[in-house]
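Please look over the model shown here.

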Amino acid sequence: SISVAVVGRFSLCSASASGFRLLAHVDVIAGECEFSGIDTPCDAEECSNDSESAECQRIAAEYCANHPEDSACQFLLLSFTASCDEMLDVKFHAPAGDVAP
């Protein structure tokens with residue numbers, strides 16, 4: 001079985017002594033909202049158009065900081081993109097016990 005937490009196209013390969021062999025291309029599409037509860041990131045307007053936007057990522061991080069019991073939060077992978085000439089201020093929530101000084 002394969003578990004994928006990101007929507008996109010992936011290549012499934014096998015490795016052997018003679019090299020790698022492409023077995024298949026796998027397209028992962030968005031399904032039902034994995035978050036459970038009320039006012040999840042799935043309900044946010046900022047996430048309905050672009051779930052990978054910086055604003056949606058911020059909303060998801062804040063939701064998971066406030067709802068650590070939601071099992072979907074264990075699969076949350078934050079991703080921020082900016083061009084080299086663009087200043088990007090990234091702030092995110094993390095449990096206090098998991099932050100190194």
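## Phe35 and the nonpolar core

Phe35 touches Thr40, Pro41, Cys42, Tyr63, Cys64, Asp70, Ala72 and Cys73, leaving out residues up to four places away in sequence. This is a predicted model. The largest nonpolar core has five residues in all: Phe35, Tyr63, Cys64, Ala72 and Cys73.

One aromatic pair is counted. Its partners are Phe35 and Tyr63, with ring centres 5.3 Å apart. The planes of Phe35 and Tyr63 stand at 80°, and an angle over 60 counts as edge-to-face, so the pair is edge-to-face. The pair links distant parts of the chain. Phe35 sits in the loop between β2 and α1, Tyr63 in helix α2, and 28 residues separate them. Both Phe35 and Tyr63 are buried.

## Helix α2

Helix α2 has 13 residues. From its first C-alpha to its last it reaches 18 Å, close to the 18 Å expected at 1.5 Å a residue.

Which residues of α2 are buried? They are Cys56, Gln57, Ile59, Ala60, Ala61, Tyr63 and Cys64. The buried residues of α2 pack against α1.

Ser53 is found in the loop between α1 (45-49) and α2 (54-66). Is Ser53 buried or exposed? Its relative accessible area is 17%. Buried means under 20%, so Ser53 counts as buried.

One of its polar atoms lies 3.1 Å from the backbone oxygen of Asp50.

The structure holds three salt bridges. Side chains of opposite charge can pair when their charged atoms come close. Glu55, Arg58 and Glu62 are linked in a network of such bridges.

Take Arg58 and Glu55 to begin with. Their side chains meet in a salt bridge at 2.6 Å, N to O. The two are three residues apart in helix α2, so about one helical turn separates them. Arg58 also forms a salt bridge with Glu62, and here the closest N and O atoms are 2.8 Å apart. Arg58 and Glu62 are four residues apart in helix α2, which means that about one helical turn lies between them.

How accessible are the members of this network? Arg58 is partly exposed, with a relative accessible area of 32%. Glu55 has 34% relative accessibility and counts as partly exposed. Glu62 is partly exposed too, with a relative accessible area of 32%.

Arg9 forms a salt bridge with Asp27. The closest N and O atoms are 3.5 Å apart. This pair links distant parts of the chain. Arg9 is in strand β1 (residues 8-16), whereas Asp27 is in strand β2 (residues 19-28). The two residues are 18 residues apart. Arg9 is exposed, and so is Asp27.

## The loop between β2 and α1

The loop that holds Phe35 also holds Cys33 and Asp39. Asp39 counts as exposed, at 64% relative accessibility. The cut-off for exposed is over 50%.

Cys33 is partly exposed, with a relative accessible area of 35%. Which residues does Cys33 contact, leaving aside its neighbours within four places in sequence? The answer is Thr40 and Cys42. Thr40 and Cys42 are also among the residues that Phe35 touches. The C-alpha atoms of Cys33 and Ala72 are separated by 9.1 Å. Along the chain, Cys33 and Ala72 are 39 residues apart.

Methods:
Residues are numbered from 1 along each chain as its sequence is written. This is a predicted model: local features need pLDDT of at least 70, side-chain atom pairs count only at pLDDT 80 or more; totals for chains, interfaces and linings use all residues. Side-chain values use heavy atoms; hydrogens and water are left out. Buried means under 20% relative accessible area, exposed over 50%, partly exposed in between (1.4 Å probe, protein chains only). A polar contact is a pair of N or O atoms within 3.5 Å; within protein, one must be able to donate a hydrogen and the other to accept it, and residues adjacent in sequence count only if both atoms are side-chain atoms. The expected span of a helix is 1.5 Å times one less than its number of residues. Contact means heavy atoms within 4.5 Å. A salt bridge is a side-chain nitrogen of Lys or Arg within 4 Å of a carboxyl oxygen of Asp or Glu. A nonpolar core is a set of buried Ala, Val, Leu, Ile, Met, Phe, Trp, Tyr and Cys residues joined through side-chain atoms within 4.5 Å. Rings of Phe, Tyr and Trp (its six-membered ring) pair if their centres lie within 6.5 Å; planes under 30 degrees apart count as stacked, over 60 as edge-to-face and the rest as tilted.
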